[in-house]
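Colleague: I have a model open and would like to learn how to read it. Can we go through it feature by feature?

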Amino acid sequence: MFVTAQPPAPTRHPAAPQPSMRNRRWSRLRRGAVPYLYLAPALTLLVVWTYRPLVQAVQLSTVSWNLLPTSPMESVGVDNYRKLFELPALGDAVWLTATLIIGLLPFTVVLPVVIGFAMRGITVRSSKIYQGLIFAPFLVAPVAGAAVWRWLLDPGGGVVNRLLGTDHNWIYDKSTAQLTIIVITGWHLIGFAVLAVSAGLAGISSDYEEAAALDGATRLQIGARITLPLLSPTLVFLTLMTILLSAQWSFPLIDTLTQGGPAGATTNIYYLLWDYGFHSFNAGLSAAAGVVLFLGFGVVAGFLVWLSERISFHDN
């Protein structure tokens, strides 16, 4: 008689303890905080070097102070803003800033597109040489460039007047001072703009041009109807940079060559707020001009970003 062995009963292990709701919540919080820890250094620097000075500028715009540490600050409320808008120099500075922006757009948008398209038809090695030659002025310090241009535009024996056969004082003549600042600033910036356009052209797939060429499109039609629309994000970026930073770009040249003259012919809004602060020693009025400049260009930047999303084409 045989007895059938029964399989051993399964061993019962104690159930693993389930994490409490509080522990799960803390674990999710730690995982969610990791990206912000990586961003913390950049956010800290942004607050310290951007937002804190901005708040201090707003506070400074409500006081009257001559920048002397021993002189007390006198609260004047919005009186600085009222004085600023009553000054005729503000309107003139805004107009000169607008003419500066319009004058720089050919150097930062139009000519770079023409040069970028022209360099597409040459060899890669030659295009790099041309890009280096065009980019070289951007590497020249503005003060050094201003010194060279002062020598080139000298009314007595400058190279420009010798070539034109004149003795015109380009820098200190009210009718040509602003044009001179525009040309010199554009000479500095055209290299950066050409590099940006070349990068934008390099990012456009050649499949579009090949498909259009197979359909019988000419090079002019391909450039106007395919390449330029696909290049629109780069062109919008250059336009935005020109509008927002043209007054800042021209500041070293104005301060070196004309000091805002002659007779205020080159005093744009950026140079005006610097003049109020460090020539007139009116820190409150200068800060008020800076706040107005920040708000004005902030509205313009917001509008341009909104507009760029509607008119730009993207190669997806």
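Colleague: Let me start with the inside. Which residues touch the most other members in the largest nonpolar core?

Modeller: First, a caution: this is a predicted model. Now the general idea. In soluble globular proteins, nonpolar side chains tend to be buried together. Here the largest nonpolar core has 19 residues. Leu84, Ile269 and Leu272 touch the most other members.

Colleague: Which elements give two or more residues to this core?

Modeller: They are helix 2 (79–86), helix 3 (88–119), helix 10 (232–257), helix 11 (269–278) and helix 12 (283–311). Helix 12 gives the largest share, eight residues.

Colleague: Take Leu84. What is Leu84 in contact with, leaving aside its neighbours within four places in sequence?

Modeller: Leu84 is in contact with Leu90, Tyr276, Leu285, Ala288, Ala289 and Val292, once those sequence neighbours are set aside. Another core lies apart from the largest one. That other core has twelve residues, including Leu152, Ile171, Ile254 and Leu257.

Colleague: Now helix geometry. What span should helix 3 have, at 1.5 Å a residue?

Modeller: The expected span is 1.5 Å times one less than the number of residues. Helix 3 has 32 residues, so it should span 46 Å. Its end C-alpha atoms are 46 Å apart, which agrees.

Colleague: Where in helix 3 does a kink lie?

Modeller: At Leu104, shortly before the proline Pro106. The kink is about 35°.

Colleague: On to helix 10. Is Ser232 buried or exposed?

Modeller: Use the cut-off: buried means under 20% relative accessible area. Ser232, in helix 10, has a relative accessible area of 11%, so Ser232 is buried.

Colleague: What does the side chain of Ser232 reach?

Modeller: It reaches the backbone oxygen of Pro229, at 2.6 Å.

Colleague: And what is the relative accessible area of Pro252?

Modeller: Pro252 is also found in helix 10. Its relative accessible area is 24%, so Pro252 is partly exposed. Next, compare sequence with space. Pro252 and Tyr276 are 24 residues apart along the chain. Their C-alpha atoms are separated by 17 Å.

Colleague: Last one, Phe135. Which residues is Phe135 in contact with, leaving aside its neighbours within four places in sequence?

Modeller: Phe135 sits in helix 4 (residues 124–139). With those neighbours left aside, Phe135 is in contact with Gly191, Phe192 and Leu195. Thr266 is 131 residues from Phe135 along the chain, and their C-alpha atoms are separated by 26 Å.

Definitions and conventions
Residues are numbered from 1 along each chain as its sequence is written. This is a predicted model: local features need pLDDT of at least 70, side-chain atom pairs count only at pLDDT 80 or more; totals for chains, interfaces and linings use all residues. Side-chain values use heavy atoms; hydrogens and water are left out. A nonpolar core is a set of buried Ala, Val, Leu, Ile, Met, Phe, Trp, Tyr and Cys residues joined through side-chain atoms within 4.5 Å. Buried means under 20% relative accessible area, exposed over 50%, partly exposed in between (1.4 Å probe, protein chains only). Helices (H or I, at least four residues) and strands (E, at least two) are DSSP runs, numbered from the N terminus. Contact means heavy atoms within 4.5 Å. The bend at a residue is the angle between axes fitted to the seven residues ending there and the seven starting there. A polar contact is a pair of N or O atoms within 3.5 Å; within protein, one must be able to donate a hydrogen and the other to accept it, and residues adjacent in sequence count only if both atoms are side-chain atoms.
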